[in-house]
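Trainee: Could you take me through one part of this model in detail, namely the aromatic cluster and the helix contact beside which its rings are listed?

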Amino acid sequence: MYTAVAKSINAPAVWLLDQIGLQKGVDSVKRFGIQLTKEDEYLGLTLGGLNKGVSPVELATAYATFANGGAKPESHIIRKIVDPTGKVVYENEESKKQIISKKVSTDMTSMLIDVINNGGTGENAGVSGYEMAGKTGSTQVPFTTDGTKDQWFVGYTPELVGSVWIGFDKTDEAHYLKTKSSDGVASLAHYVMKSGLKYQKPVDFGTKSASAKTEEKNQENAVTEQAGDFWGSIKDSAKGAGETIKKRR
């Protein structure tokens, strides 16, 4: 599944939603603050196939949940207002709600790291020196297979979340995107994230990518199998030696 996420292969995601049940997927999306209509409740939901779509702020807030260990923050624009005398007129009170477990958010981050670092569709969005996770997305235009209508990228570090959309207000044969999201929006997102991260110190997620975890597990299994074969051969040799001794007696 992590390969499908990294490479934006759609079929496995549709299959998984079908297996866990559509309603469970709908309920999960709503917990992340994404507003759905009745028309959105179909298997295309897993690919972001929404009737009205979402705003960059809504998407950034949803992905911030993964960066916050499963706690969804309340997005805001104004942090503090101070009058000319230095008196604080208004200060936002940070609010978070745990909507998924820390383990689930860590597993999601592990898969989304591969989108950036393992030759995934978001590779061009990566910023040197910073560990980042994210996801690209796009919608096709109805009149050609060589273009897209919308392109999305949402990326995050433990300290910063950024959401980028590019497209036209009205898409037609003269106004559409002629690049893929891996080349178009991902490249733009690189500069957006870089401009924000230059004020942040590099921080690791505290977890490895899904591909790295899988490779380690495969190596452990290989060592276990080799050890089993080794001890098995010793047992066979010992058994053979015992039978030889019996015959000589």
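Mentor: The account below takes the aromatic pairs and then a helix crossing.

The model is predicted, so local features need pLDDT of at least 70 and side-chain atom pairs count only at pLDDT 80 or more, while totals for chains, interfaces and linings use all residues. Residues are numbered from 1 along each chain as its sequence is written, and side-chain values use heavy atoms, with hydrogens and water left out.Six aromatic pairs are found in a search of the whole structure; rings of Phe, Tyr and Trp (its six-membered ring) pair if their centres lie within 6.5 Å, with planes under 30 degrees apart counted as stacked, over 60 as edge-to-face and the rest as tilted. Tyr156 and Phe205 form an edge-to-face pair, at 5.6 Å centre to centre and 75° between the planes. Because Tyr156 lies in strand β6 (residues 148-156) and Phe205 in the loop between α6 (185-197) and α7 (210-248), the pair ties together parts that are 49 residues apart in sequence. Helices (H or I, at least four residues) and strands (E, at least two) are DSSP runs, numbered from the N terminus. Tyr156 is buried at a relative accessible area of 0%, and Phe205 also counts as buried, at 18%; buried means under 20%, exposed over 50% and partly exposed in between (1.4 Å probe, protein chains only).

Ring pairs join Tyr156 and Phe205 with Phe32, Tyr63 and Phe66 in a cluster. Tyr63 and Phe66 of α4 also take part, with Thr65, in the contact with Ser105, Met108, Thr109 and Leu112 of α5 (heavy atoms within 4.5 Å). The axes of α4 (residues 56-67) and α5 (residues 102-117) come within 8 Å and cross at roughly 105°; axes are lines fitted to C-alpha atoms, for helices over the stretch in contact, and angles run from 0 to 180 degrees between N-to-C directions. The two helices, α4 and α5, are therefore roughly perpendicular (65 to 115 degrees; under 35 is roughly parallel, over 145 roughly antiparallel, the rest oblique).
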